[in-house]
Amino acid sequence: MESIVSVGIDIGTTTTQVAFSRLFLEDTAGFFSVPDIGIVQKQVFYCGTPCFTPLVGEFEIDAEKVRTIVENEYRMARQYPNTVATGAIIITGEAAKKRNAAALLAALSPLAGDFVAETAGPDLEAVIAGKGSGAAAYSKNNRCRILNIDIGGGTSNAALFENGEPISTGCMEVGGRHICTNSSGRIE
């Protein structure tokens with residue numbers, strides 16, 4: 001069984017986080033069939049500490065600081081761009097609306113191998129959250145409908161899964177950063 005290293009970089013409204021996984025690949029086709037290489041096992045071996053997503057004013061992400069965060073996480077995980085075969089950079093929520101979000105994706109892409117780089121709109125973000133939380137798998141395994149709600153820093157996304165498949169999504173521009181408390185802990 002062959003394995004490769006994958007990196008996930010999530011740049012959200014509130015936090016940025018990096019995780020590294022080992023993906024185990026195997027040919028699942030029969031002996032006389034066209035090869036069908038699939039991921040048969042995933043093993044997260046490093047999950048970085050969430051850091052506040054650095055911003056420059058209201059309309060830009062501090063790209064240099066994000067790059068520093070990502071490079072530091074590579075060092076902590078003892079990984080290098082040439083050791084990572086694949087990965088994903090996802091910019092979500094209000095961060096995806098910043099005017100330099102696409103440029104940030106382009107600047108980070110060289111840090112690893114074959115990347116999926118995407119600014120995730122509310123539909124994709126809702127589905128990713130539902131799959132990551134296990135809601136999609138639960139729905140599939142139990143042949144039921146399940147609603148996953150992901151409350152982020154700037155948006156709250158919902159995905160309804162039926163038998164493991166997303167059938168509806170929604171987004172509200174209300175998140176954890178919109179709730180402020182005063183010094184006595186009362187919500188303002």
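Modeller: Start with S139: a polar atom of the S139 side chain lies 3.4 Å from the backbone oxygen of F161. This is a predicted model, where local features need pLDDT of at least 70, side-chain atom pairs count only at pLDDT 80 or more, and totals for chains, interfaces and linings use all residues. Residues are numbered from 1 along each chain as its sequence is written, and side-chain values use heavy atoms, with hydrogens and water left out.

Colleague: Is S139 buried or exposed?

Modeller: Buried, at 0% relative accessibility (buried is under 20% relative accessible area, exposed over 50%, partly exposed in between; 1.4 Å probe, protein chains only). S139 is found in helix α4, residues 135-141 (helices are DSSP runs of H or I, at least four residues; strands are runs of E, at least two; both are numbered from the N terminus).

Colleague: What is S139 in contact with, leaving aside neighbours within four places in sequence?

Modeller: C144, R145, I146, F161, E162, N163 and G164 (contact means heavy atoms within 4.5 Å).

Colleague: New topic. How many aromatic pairs are there in the whole structure?

Modeller: The search finds 3 (ring centres of Phe, Tyr or the six-membered ring of Trp within 6.5 Å; planes under 30 degrees apart are stacked, over 60 edge-to-face, the rest tilted). F20 and Y46 have ring centres 6.1 Å apart and planes at 55 degrees, so that pair is tilted.

Colleague: Where do F20 and Y46 sit?

Modeller: F20 lies in strand β2 (residues 15-27) and Y46 in strand β3 (residues 37-47), so the pair ties together parts 26 residues apart in sequence. Both F20 and Y46 are buried.

Colleague: And which residues do ring pairs link into a cluster?

Modeller: F20, F45, Y46 and Y74.

Key
A polar contact is a pair of N or O atoms within 3.5 Å; within protein, one must be able to donate a hydrogen and the other to accept it, and residues adjacent in sequence count only if both atoms are side-chain atoms.
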